[in-house]
Amino acid sequence: LCSRIVRVIVAGNSLSSEVNTNAERVSKIITRKIDPLSVQATKDLDDLLVQLACCVPVDLMPGPNDPTNYTLPQQPLHRCMFPQSVRYPTLRGVPNPHQCNIGGRR
């Protein structure tokens, strides 16, 4: 099965599973308080991406609870957040929505 995997797409909310039901959103980036869980989540995601990117191409797409803009199209997560996995050319930060070709299919 592993030999048949040609691409992994991480499709949003990879750093936060928290659902915000309030009408107002406060950007996590501009607040002065840094949530230690979000820092650890970023390190954990970087570790996971290293394991994936060394073997297979990875597309990392942001979701509504990730630290990027809220309006569509969402911009890719910044590469500096992932210092280990960014070394692999197989890791691509992609916008949301994202379109790609896999095995000749779109």
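Modeller: The account below begins with the chain, turns to the cavity, and then follows the residues and segments around it.

This is a predicted model, in which local features need pLDDT of at least 70 and side-chain atom pairs count only at pLDDT 80 or more, while totals for chains, interfaces and linings use all residues. Residues are numbered from 1 along each chain as its sequence is written, and side-chain values use heavy atoms, with hydrogens and water left out.

The protein chain contains one helix and three strands, arranged along the sequence as β-α-β-β; helices (H or I, at least four residues) and strands (E, at least two) are DSSP runs numbered from the N terminus. Of its 106 residues, 26% are buried, where buried means under 20% relative accessible area, exposed over 50%, and partly exposed in between (1.4 Å probe, protein chains only). Among the contacts with a separation of 6 or more, 73% link residues 24 or more positions apart, a contact being heavy atoms within 4.5 Å.

The count gives one cavity of 30 Å³ or more. A cavity is a set of points on a 1 Å grid over the protein atoms alone where a 1.4 Å probe fits but cannot get out, and lining residues have an atom within 4 Å of a point. Grid points are joined across faces, edges and corners, and the volume is the space filled by probe spheres set on them. The volume of the largest cavity is about 50 Å³. Its lining consists of L60, L77, H78, R79, F82, L91, R92 and G93. Strand 3 (residues 91–93) makes the greatest contribution to this lining, with three residues. By class, four lining residues are nonpolar, two polar and two charged; Ala, Val, Leu, Ile, Met, Phe, Trp, Tyr, Cys and Pro count as nonpolar, Asp, Glu, Lys and Arg as charged, and the others, Gly among them, as polar.

Two residues make contacts with members of this lining. V86, in the loop between strand 2 and strand 3, touches R79 and L91, not counting residues up to four places away in sequence. V86 is partly exposed because its relative accessible area is 25%, and its C-alpha atom lies 8.3 Å from that of V50, 36 residues away along the chain. From helix 1, T42 touches L15, M81 and F82, again leaving out residues up to four places away in sequence. T42 counts as buried because its relative accessible area is 15%. Also in helix 1 (residues 36–53) is S38, which is partly exposed at 31%; the C-alpha atoms of S38 and S16, 22 residues apart in sequence, are 7.4 Å apart.

The loop between strand 2 and strand 3 also holds P73, joined to L72 by a cis peptide bond with omega of about -5°. A cis peptide bond also joins N96 and P97, with omega of about 10°, and P97 lies in the segment after strand 3.

As to confidence, the mean pLDDT (the predictor's confidence in each residue, from 0 to 100) is 81, and 78% of residues reach 70 or more. Over residues 27–31 the pLDDT is below 50, and beyond near neighbours in sequence this stretch has six contacts in the model. Where pLDDT is low, predicted coordinates should not be read in detail.

How values were computed:
On a 1 Å grid over the protein atoms alone, a cavity is a set of points where a 1.4 Å probe fits but cannot get out, and a pocket is an open set with protein on both sides within 12 Å along at least five of seven lines; lining residues have an atom within 4 Å of a point.
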